[in-house]
Amino acid sequence: MQATAHLATKASVSWPLLLLAGLAGAAVPVGLRVRDRLRRRADGERLARLRIALSELDTMGDQEFEYALRDLLVRDGWAARKVGGGGDQAADVIGVRPPLGRIVVQAKHTRVGGKVGSSVMYQVKGTAGPAHRADHAVVVTNGTFTRDAMAWGDRHGVRWVDRDRLHCWAHEGKALHDLLGLPARRSRPPWRRTV
């Protein structure tokens, strides 16, 4: 009984400290959420101003180039992630943006003056829909495409971004979906149509 009375006396004297400790414990998670929100906003503002010169893209390695393309898509309002690597099934970056749908980007970083051939277009066309459920397939290079690759891509719905288009997208800040005139998602992807 004396111990209980002693604890009650101590608690009545130190209640302000207990209250402060409880408030501090509750404030920490709120503070962390606010800090994370501010960090995301700052990252978003930084990406909104993102501009990359062709000379910078030329000096990048393959992985850096893929991350740069991901960042450019994020800048344009896509929820994008880098997925490239071994067994990537012709997709280095995948993004989603309603109402445009899902985009698969195959990155082809070349030496200056390098050309991308038709075989890349075939691979991307073969996997974009079936493997990645994409509405849009795009091949991006810091080089150029062969005439056959561009013609085949135009005929079969594989968009291409060569050095000139990459300059407009990365350095001048034009959104990729505007640059390529990407239409809104179809109600039913073409690879799921029944005959």
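Student: Which residues form that nonpolar patch on the surface?
Tutor: Leu-19, Leu-20 and Leu-23, with about 300 Å² of accessible area together. Keep in mind that this is a predicted model.

Student: Where does Leu-19 lie?
Tutor: In helix H1, which covers residues 2–48.

Student: OK, switching to H5. Which of its residues are buried?
Tutor: In H5, residues 147–156, the buried ones are Ala-149, Met-150, Trp-152 and Gly-153. Looking down the helix axis, they fall within an arc of 165 degrees, so they line one face of H5.

Student: What's on the face turned away from that buried side?
Tutor: Exposed residues sit there: Arg-147, Asp-148, Asp-154 and Arg-155.

Student: So what covers the buried residues of H5?
Tutor: The cover includes helix H4 (118–132) along with strands E4 (115–116), E6 (144–145) and E7 (158–161).

Student: What follows H5?
Tutor: Gly-157, with a positive phi near 80 degrees.

Student: New topic: Thr-141. Buried or exposed?
Tutor: Buried, at a relative accessible area of 0%. Thr-141 belongs to strand E5, residues 136–141.

Student: What lies 2.7 Å from a polar atom of its side chain?
Tutor: The backbone oxygen of Lys-108.

Student: And which residues does Thr-141 touch, leaving out those up to four places away in sequence?
Tutor: Lys-108 again, plus Phe-65, Thr-110, Val-116, Val-161, Asp-162, Arg-163 and Leu-166.

Technical notes:
Residues numbered from 1 in each chain as written. Predicted model: local features only at pLDDT ≥ 70, side-chain atom pairs only at ≥ 80, totals over all residues. Heavy atoms only, no water. Patch = residues over 30% accessible without salt bridge, like charges linked within 9 Å, V, L, I, M, F, W, Y side chains within 5 Å. Areas by Shrake-Rupley, 256 points an atom, 1.4 Å probe, with all protein chains shown as cover. Salt bridge = Lys/Arg side-chain N within 4 Å of Asp/Glu carboxyl O. Helix = DSSP H or I, 4+ residues; strand = E, 2+ residues; numbered from the N terminus. Buried < 20%, exposed > 50% of the residue type's maximum accessible area, 1.4 Å probe, protein only. Arc of directions from axis to C-beta. Contact = heavy atoms within 4.5 Å. Polar contact = N/O pair within 3.5 Å; in protein donor to acceptor, adjacent residues only side chain to side chain.
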